Amino acid sequence: MNLICNLFSSIFPSLEGDGSQREREQTIDSSMRFAVLGLIKGSVFWLLVASLLGLIVSVKLHSPTYLAEYGWLTYGKAYPAFWNALVYGWLFNAGLACVAWIIARLGGRPSGNSAVLAISTGAWNLAVIIGLFGIFKGDQNPYRMLEFPTYAAPFLFAAFIGLGIWILLAFKARAYRSSFASQWYALAGVFCFVWIYTVAQVMIFCMPAQGVFQSVIAAWFGGNLLGLVVAPFAFATIYYLIPKALGQHIVGYRQSGIAFWSWILFSSAAGLASLVNGPFPAWIASVGVVASFGLFLPLSVFTMQFLSSLFSSFSKIWDTLSVRYVFYAVVAFIVATVLTILGALREVQEMTQFSQYNDGVRYLFLVGFAGMAFTGMVYYILPRLLNKELPNPSLADLQFWVQGLGIFLVTVSLVYGGWAHGALLNGSDADTIAILKSTDTYLFLTTIGSVMFAIGNFAYAVSFVWILLSPRTEKEQSADLIEPAPELEYTHS
């Protein structure tokens, strides 16, 4: 009975006894507590599913007969299932929870229509389940990040429309007429997903384009899903969290407009660089290569803003859990973007195109950058949504270090191993079997990294369930636990 009471107190908690100085923020939080918690629950669930699938995929790379008796779990099905569970399951749920909370908080008003957000969240996760079921059933499509069968796409699209409408209404109802960088990126992510998903579904499946242009659209969609949807959600989180957690403005905030528009411009075409050496018009891949190098402009601004802001309060990085995650995410973003730019070169692609190199860069961008940024934000949101302290900070510390080391190990193994693999394949006297055996060491290290990442994710799930179900202490009921943060993301001085 106590467990049930704790569960429902987490969903509809009474805030009696909270300090008065957070009254406005608590009113906003309470207006969307159920819906945002639903998104976070979904993200934790899909993170565990993706961890399990990722572990299976990594083992199959060096032990092909592993689980070979299960026809629905072959490498050809487990591999796309892993990436789709990771992106549409974990990152979309976590990213949407973060941006929904940020939009409402920066808007300064309690959000209505929380039922729309909650229902859309349920519909989104149902669509992901249908999509993964279709992949395991063998109905997957042959395009990266579009593997969900066509009968799952309408559910996914309709659910996102509901989520996007709620975010737009919350932004429209804001009390402050000015807007902030976090809001730009949150809205850009929402609009861009509707745009690129519509174009991809129409031109590939509904009214298929002729010839090779289906593959061009698929490459364009895959690049933009990372660059124009997942990355903007992560940028919104970082732009919001650094000032709030460190109590200072973003250094060089006035250059945010340059970073925003240049990122949108160059990132929207950078994915075409993956078509180098393929049977496509040369100008298409060239546009992608040029756009990839254009990313140096926003990368320079982001690096200056984020690292300068973090290093100006360096001691707080290791004392504040959420900032520690943001620091890791910023470093991962810089490294992943530099690898992406260099990987667009034709000479580099001739070496890495048929290796694990691109998977390593993509893993670092999605998990090391976006995933760690969202996790840090969730650790910032939860105590404020529930007015509870983290029940065991040591467990969260363990999670950070194990996850961080796991991501590092997986990335280094795939990137360096992929480069070595490609170099051997390019040899004129290449023995394919000998080359595959020579990469076993890197693939074993990938499995070790995947195990460490899965352990960190399990610790994350335990921390989340623990804070969700734990009863409020006397201190939590009688005092305001949360130190007031700067009211807005940026204030003109």
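How many nonpolar, polar and charged residues does the lining of the second largest cavity have? The answer comes after a few words on the model. The model is predicted, so local features need pLDDT of at least 70 and side-chain atom pairs count only at pLDDT 80 or more, while totals for chains, interfaces and linings use all residues. Residues are numbered from 1 along each chain as its sequence is written, and side-chain values use heavy atoms, with hydrogens and water left out.

Rolling a probe the size of a water molecule over the atoms shows where empty space is left. On a 1 Å grid over the protein atoms alone, a cavity is a set of points where a 1.4 Å probe fits but cannot get out; a pocket is an open set with protein on both sides within 12 Å along at least five of seven lines; and lining residues have an atom within 4 Å of a point. Points are joined across faces, edges and corners, and a volume is the space filled by probe spheres set on them.

The structure holds 2 cavities of 30 Å³ or more. By class, the lining of the second largest cavity has 6 nonpolar, 2 polar and 1 charged residues. In this count Ala, Val, Leu, Ile, Met, Phe, Trp, Tyr, Cys and Pro are nonpolar, Asp, Glu, Lys and Arg are charged, and the others, Gly among them, are polar.

The largest cavity has a volume of about 220 Å³. Of the 20 residues that line it, G54, F82, Y363, T446 and S450 lie nearest its centre. Helix α2 gives the most to this lining, with 7 residues. The lining of the largest cavity divides into 13 nonpolar, 6 polar and 1 charged residues.

The largest pocket, by contrast an open space, has a volume of about 1100 Å³. Among its 39 lining residues, R144, G271, S274, N358 and R362 are the closest to its centre. Helix α7 supplies the largest share of the lining, 7 residues.

The largest nonpolar core has 161 residues, and Y88, F92 and L225 have the most contacts inside it. Such a core is a set of buried Ala, Val, Leu, Ile, Met, Phe, Trp, Tyr and Cys residues joined through side-chain atoms within 4.5 Å. Its largest share, 23 residues, comes from α3. Not counting residues up to four places away in sequence, L225 touches V87, Y88, F92, M145, F193, I196 and V230; contact means heavy atoms within 4.5 Å.

F233 lies in helix α7 and is buried, with a relative accessible area of 2%. Buried means under 20% relative accessible area, exposed over 50%, and partly exposed in between (1.4 Å probe, protein chains only). F233 and F92 are 141 residues apart in sequence and 8.9 Å apart in space, C-alpha to C-alpha.

Helix α12 (residues 321-343) has 23 residues and spans 33 Å from its first C-alpha to its last, close to the expected 33 Å; the expected span is 1.5 Å times one less than the number of residues. Because 18 of its 23 residues are buried, α12 is largely enclosed by the rest of the structure.

Key: Helix = DSSP H or I, 4+ residues; strand = E, 2+ residues; numbered from the N terminus.
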